[in-house]
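Thanks for coming. I will walk through one structure today, from the whole chain down to single side chains. Please have a look at it before I start.

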Amino acid sequence: ELKVTAAQLPLWDALAEAIRANAGAASGVMSAMAGGMPMGAGSSTAPQRIEAQEKALSTRLESLSRLKTALDPFYAALDAAQKEKADKLLVAAPMGMM
């Protein structure tokens, strides 16, 4: 939908890689939480739940940082029409766990 040009393609590829990496990281956090460190009540202790939340937030921050690092140069390379479209797409869909 963004009509990425040949010149923008390497930047797009970097952004797509960041999105894939973020999806993998999010999947890892969910697996870890399902495997014995739930964030909700149950058999885990309060310190374990806090630790799980801390790890999830840390992973989220790393994902946002990775996404921003790739998004900034890609977005800067877009023309005005592409930026307008990107702004709508980025709000509508959480890119790589944005």
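First, a definition. A residue is called buried if its relative accessible area is under 20%, exposed if that area is over 50%, and partly exposed in between, using a 1.4 Å probe and protein chains only. On that scale, buried residues make up 24% of the 98 residues in this chain.

Some ground rules. This is a predicted model, where local features need pLDDT of at least 70 and side-chain atom pairs count only at pLDDT 80 or more, while totals for chains, interfaces and linings use all residues. Residues are numbered from 1 along each chain as its sequence is written, and side-chain values use heavy atoms, with hydrogens and water left out.

Now the overall layout. The chain has three helices and zero strands, and from the N terminus on the order is α-α-α. Helices here are DSSP runs of H or I with at least four residues, strands are runs of E with at least two, and both are numbered from the N terminus. A contact means heavy atoms within 4.5 Å. Of the contacts in the chain with a separation of 6 or more, 70% are between residues 24 or more positions apart.

Next, helix α2. It covers residues 46–77, which is 32 residues, and reaches 47 Å from its first C-alpha to its last, close to the 46 Å expected at 1.5 Å a residue. The expected span is 1.5 Å times one less than the number of residues. Where does α2 have its kink? The kink is at Leu-71, shortly before the proline Pro-73, and amounts to about 30 degrees. The bend at a residue is the angle between two axes, one fitted to the seven residues ending there and one to the seven starting there.

Helix α2 also has a set of buried residues: Ala-52, Ala-56, Thr-59, Ser-63, Leu-67, Ala-70, Leu-71 and Phe-74. Take Ser-63, which counts as buried because its relative accessibility is 4%. Leaving out residues up to four places away in sequence, Ser-63 touches Asn-22 and Ala-25.

That brings me to the core. A nonpolar core is a set of buried Ala, Val, Leu, Ile, Met, Phe, Trp, Tyr and Cys residues joined through side-chain atoms within 4.5 Å. In soluble globular proteins, nonpolar side chains tend to be buried together. Here the largest nonpolar core has ten residues: Leu-2, Leu-15, Ala-18, Leu-67, Ala-70, Leu-71, Phe-74, Leu-78, Ala-86 and Leu-90. Which helix gives the largest share? That is α2, with four residues. As for Ala-18, its contacts are Arg-66, Leu-67 and Ala-70, again not counting residues up to four places away in sequence.

The structure holds one aromatic pair. Rings of Phe, Tyr and Trp, taking the six-membered ring of Trp, pair if their centres lie within 6.5 Å; planes under 30 degrees apart are stacked, over 60 edge-to-face, and the rest tilted. Trp-12 and Phe-74 have ring centres 5.4 Å apart and planes at 50 degrees, so this pair is tilted. Trp-12 lies in α1, residues 9–34, and Phe-74 in α2, so the pair ties together parts 62 residues apart in sequence. Phe-74 is buried at 2% relative accessibility, whereas Trp-12 is partly exposed at 32%.

Now the charges. A salt bridge is a side-chain nitrogen of Lys or Arg within 4 Å of a carboxyl oxygen of Asp or Glu. The count by this rule is five. Among them is Lys-68 with Asp-72, whose closest N and O atoms are 2.6 Å apart. Both lie in α2, four residues apart, about one turn of the helix. Lys-68 is exposed at 52%, and Asp-72 is partly exposed at 38%. In α3, Lys-88 and Glu-84 are also four residues apart, with their closest N and O atoms at 3.7 Å.

Most residues other than glycine have a negative phi. Lys-3 has a positive one, near 55 degrees. Lys-3 is in the segment before α1 and is exposed, at 71% relative accessible area.
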